[in-house]
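Colleague: Please show me the model, and then let me ask about its parts one at a time.

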Amino acid sequence: MEYSGAEIWRIILLLGIGTFLIRYSFLGLLGDRPLPDWLLRHLRYTAVAILPALITPLVLWPQATGGETDPARLGAAAAALAVGYLTKNPIWAILSGLGALYLLLYLIG
Amino acid sequence: MPATSSKSAYWRGLRTALPFLLMVFPFGLLFGVVGTEAGLNLAQVMGFSILVIGGASQFAALQLMTENAPTIVVLASALAVNLRMAMYSAALAPHLGAAPTWQRILVGYLNFDQTYAIGVQEYETKPELSIGERVGFFLGAATVFAPTWYFATLIGAVLGETVPPEMALDFAVPITFLAMIGPALRTPAHMVAAGVSVALAILFAGIPYNLGLLLAAIGAMMAGAEVERRMGAR
């Protein structure tokens, strides 16, 4: 990480303010008014649209292996996703992913 | 409205939220550990959890910061992760819009996945609640989550210094996000959005300043919305 302390604090503060404004938006500033359908339809997919794009490079080209695709990390990712999908429980998914990662690193790496 | 009923609503909110505590603590712990490992000091790690108080966006910002992305990209991506909360705000507004401003500001600060879900469910099943009881219930639920989030982050940040590299925590962030994505794949539209997100992320991987991430997210969001529109129109 190459940011100065001031830059890090600026990110934290602006992210805090921006997040608050999003959360407060309709409660405080915009009042009780219905959202247009097209907007709701897009908002529903924001999380599932950005999170996969964020982690795809990390899964395929991990920093820890210098960008080399790593079977242990691929397996761990598959385990976390599958358990999360099947159980709907993020904690089980994290534990399964980490468990698979350590097992595979021990077996392969 | 007598203060006693708001008070009992507060305790009911607190009790309703308690079982979900187990979900919040590990995430906070992990953020503290990973944030410290990434090079943030204790005050900065705590600054994230207190001022932002949104797990997924904190992890997203942290990840992009370890990649030294430009500040504007870090902010835009992390805020995009939180955009769904505008929807929560709109859903809470009919129930809490009549509360005094300072209470709505407090609710706004504490409006995240868990409090929103618990709150809206209560308001929809009990439309007879007074405004004081609704606010009391919401703040009761938040009393479980917010201090736990701060405390878990603190413990993680203190422990972070002592975690050995063999624990491969470089991969904790991807695993955490995958653990959130799995349960979110509820409908074909969500699956298409996630699939498009992955495909575009690979396609746009070469674009500098991590801008490919935002382009992929916009494309994936439109794909999800379009699938929903077509399936609904049938």
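What follows is a set of questions and answers on this structure.

Modeller: First, some ground rules: this is a predicted model, in which local features need pLDDT of at least 70, side-chain atom pairs count only at pLDDT 80 or more, and totals for chains, interfaces and linings use all residues. Residues are numbered from 1 along each chain as its sequence is written, while chains are lettered from A and ligands numbered from 1 in the order in which they are written.

Colleague: Which helix of chain B gives the largest share of the side that touches chain A?

Modeller: Two residues are in contact if their C-beta atoms, placed from the backbone, lie within 7 Å. The contact of the two chains takes 65 residues from chain A and 82 residues from chain B. Helices are DSSP runs of H or I with at least four residues, numbered from the N terminus. The largest share on the chain B side is twelve residues, and these come from helix 10 (residues 172–184) of chain B.

Colleague: How far apart are the C-alpha centres of domain 1 of chain B and domain 2 of chain B?

Modeller: Chain B is divided into domain 1 (3–166) and domain 2 (185–233), with bounds from an automatic or database domain assignment. Their contact takes eight residues from domain 1 of chain B and six residues from domain 2 of chain B. The C-alpha centres of these domains of chain B are separated by 26 Å.

Colleague: Are helix 2 of chain B and helix 4 of chain B roughly parallel or roughly antiparallel?

Modeller: Helix 4 of chain B covers residues 55–66, and its axis is 11 Å from that of helix 2 of chain B, at an angle of about 15°. Axes are lines fitted to C-alpha atoms, for helices over the stretch in contact, and angles run from 0 to 180 degrees between N-to-C directions. Angles under 35 degrees count as roughly parallel, over 145 as roughly antiparallel, 65 to 115 as roughly perpendicular and the rest as oblique. Helix 2 of chain B and helix 4 of chain B are therefore roughly parallel.

Colleague: Which residues of helix 3 of chain B meet helix 2 of chain B?

Modeller: Helix 2 (residues 21–38) of chain B and helix 3 (residues 42–52) of chain B have axes 9 Å apart and pack at an angle of about 145°. From helix 2 of chain B come Gly28(B), Phe31(B), Gly32(B), Gly35(B) and Thr36(B). They meet Val45(B), Phe48(B) and Ser49(B).

Colleague: Is Pro147(B) buried or exposed?

Modeller: Pro147(B) is found in helix 9 (residues 131–160) of chain B. A residue is buried if 20 or more other C-beta atoms lie within 10 Å of its own, exposed if 12 or fewer, and partly exposed in between, with C-beta atoms placed from the backbone. Pro147(B) has 10 other C-beta atoms within 10 Å, so Pro147(B) is exposed.

Colleague: What is the phi of Asn68(B)?

Modeller: Asn68(B) sits in the loop between helix 4 and helix 5 of chain B. With 12 C-beta neighbours inside 10 Å, Asn68(B) counts as exposed. Asn68(B) is not a glycine, yet its phi is positive, at about 55°.

Methods. Helix = DSSP H or I, 4+ residues; strand = E, 2+ residues; numbered from the N terminus.
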